[in-house]
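I opened this notebook to record what I looked up in one model. The entries follow the order in which I consulted the structure.

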Amino acid sequence: MKHNEKIIGINSLFLIPGKVGGTEIFFRKQVEGFSKLKTKNKFIIYSNNENASIFDNLPNNFFIYKTGINATNRLIRILYEQIILPILLIIHKVDLLHSPGYTTPIFTHCKKITTIFDLNYYFYPEDFSLLQRSVFSILIPLGARFSNKIIVHSNQSKKEMVKVLKLTKNKIEVVYGGVPEDFKKDISSKVAIKVVRKYGIEPPYILANASSHPHKNLKSLFLSFVELSKNKKFEHKLVLLGIHGKAHEGLDEIVKKNSLQERIIFTGWIDHSDTKYFNKAADIFVMPSLYEGFGLPTAEAMACGVPVIASKYSCVPEIADGGALIVDVKKPKEISFAIKKLLKSSRFRKKLTIQGIHRGKTFSWTKMSKKIYNLYNEYL
């Protein structure tokens, strides 16, 4: 290897395809962006058994090191990350390690950058098992302390890291996430409806894109929909994209209690490329979350041209920034009032749609990956 060639290690041990939500999208877009760069530097991606096959069509300066561990075995994954991975970094002569999934080896011979999406374990511990909370409460603060740089995806997250993890502001870099370029294009409504019909869904509908964890606050959205459904003229369905979380049982109870099985539809995890069609075919998108590190669905919905109702909590207003109607989502009546307001006023819908499209276009995966790569270069 020539003197000016450096080796960048990327820790993907956290990634279980289809199981880690938005962090998977961020990770895939980073790797995709790096693969298009003209660089002499080399990348080693440390994979697990679950994700080893997802890395296709990468250029010759990328190497996939298959660790052979099952990431679904959390204890094994943590032990490997903390004990074996640092040894591999020495053997492979890695100059910089980036861990893009919250945790990182505490002690390494090389410099390291860690992405911490949020502090959900701290603010909403009910989302996690006792073991998960214990692990995160130890490894995330230690990893942050021993990393050279921390990447977050919103200014709100940066404030939280400074306050909770006692980090200095200059140790934290804010890098916004992106929106795929095809989400920003004018999508035909006919094409969008044709795609969602393949999933057995018929418009009109209101859309939300979130796993059913407590902090996603889907309960408030459901209660607002129950209230709206009492009006016989209200014909919309409620469509939920995302994996089932710890609050799912309670949501099922609301559905059954109010006999809304035909009108509230859970799709489960869908192919991300189809999300743009669900956005386009929706009349309204609602982001009822109480806590986000970035809130990717909000950015994507705005870019697709669907009017957005968004939470006033966490970083959601920062990401929306004038492109959405902000409400107190802890109050179901405020959500239902906002939905009725949008459905009644085509002028307001059009205005909000234009503002959302303008805001959505500012988010770029290419800009994100370039900014992160430039950050690497500061430590190489």
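**Conventions**

I am working with a predicted model, in which local features need pLDDT of at least 70 and side-chain atom pairs count only at pLDDT 80 or more, while totals for chains, interfaces and linings use all residues. Residues are numbered from 1 along each chain as its sequence is written, and side-chain values use heavy atoms, with hydrogens and water left out.

I took helices (H or I, at least four residues) and strands (E, at least two) as DSSP runs numbered from the N terminus.

**Entry 1: strand 2 and its neighbours**

I began with strand 2, residues 42-47, and found five of its six residues buried. I then looked up its pairing, where two strands pair if DSSP finds at least two bridges between them. Strand 1 (residues 7-11) pairs with strand 2 in the parallel sense over five bridges. The chain passes from strand 1 through helix 1 (residues 22-35) to strand 2 in a right-handed β-α-β crossover. Right-handed here means that, with the strands pointing away from the viewer, the path from the first strand over the helix to the second runs clockwise.

Strand 3 (residues 62-66) also pairs with strand 2, again in the parallel sense and over five bridges. I noted Ile45 in particular: Ile10 stands opposite Ile45 in strand 2, and in strand 3 the bridge partner of Ile45 is Ile64.

Which residues does Ser47 touch? Ser47 belongs to strand 2 and is buried, with a relative accessible area of 0%. Leaving aside residues up to four places away in sequence, I listed Ser12, Leu13, Ala52, Phe55, Ile64, Tyr65, Lys66 and Thr67 as touching Ser47; contact means heavy atoms within 4.5 Å.

**Entry 2: helix 5**

In helix 5 (residues 155-164), I found Ser157, Glu160, Met161 and Val164 buried. Seen down the axis, the buried residues of helix 5 fall within an arc of 100 degrees, so they line one face of the helix. The arc is that of the directions from the helix axis to the C-beta atoms. Lys159 and Lys163 are exposed on the other side of helix 5. Among the elements that cover the buried residues are helix 3 (120-123), strand 6 (149-152) and strand 7 (172-174). Just after helix 5, I noted that Lys166 takes a positive phi of about 60 degrees.

**Entry 3: aromatic rings**

I counted 26 aromatic pairs in the structure. Rings of Phe, Tyr and Trp (its six-membered ring) pair if their centres lie within 6.5 Å; planes under 30 degrees apart count as stacked, over 60 as edge-to-face and the rest as tilted.

Tyr176 and Phe294 form a tilted pair, 6.1 Å centre to centre with 55 degrees between the planes. Tyr176 lies in the loop between strand 7 and helix 6 (189-198), and Phe294 in the loop between strand 11 (284-287) and helix 10 (296-304), so the pair ties together parts that are 118 residues apart in sequence. Tyr176 is partly exposed at 28%, whereas Phe294 is buried at 3%.

Phe225 and Phe234 form an edge-to-face pair, 5.6 Å centre to centre with 70 degrees between the planes. Phe225 is buried at 1% relative accessibility, and Phe234 is buried at 9%.

I also recorded one aromatic cluster, formed by Phe26, Tyr102, Phe117, Tyr121, Phe128, Phe136, Tyr176, Phe294, Phe363 and Trp365.

A charge was looked up as well: the charged end of Lys341 sits over the ring of Phe348, 4.8 Å from its centre. The criterion is NZ of Lys or CZ of Arg within 6 Å of the ring centre and within 35 degrees of the ring normal.

**Entry 4: backbone details**

Where does Pro204 lie? I found Pro204 in the loop between helix 6 and strand 8 (205-209). A cis peptide bond joins Pro203 and Pro204, with omega about 10 degrees.

Asn57 has a positive phi, near 55 degrees, in a residue other than glycine. Asn57 lies in the loop between strand 2 and strand 3 and is exposed at 80% relative accessibility.

Lys93 likewise has a positive phi near 55 degrees. I located Lys93 in the loop between helix 2 (74-91) and strand 4 (96-99), where Lys93 is exposed, with a relative accessible area of 63%.

Definitions and conventions:
Buried means under 20% relative accessible area, exposed over 50%, partly exposed in between (1.4 Å probe, protein chains only).
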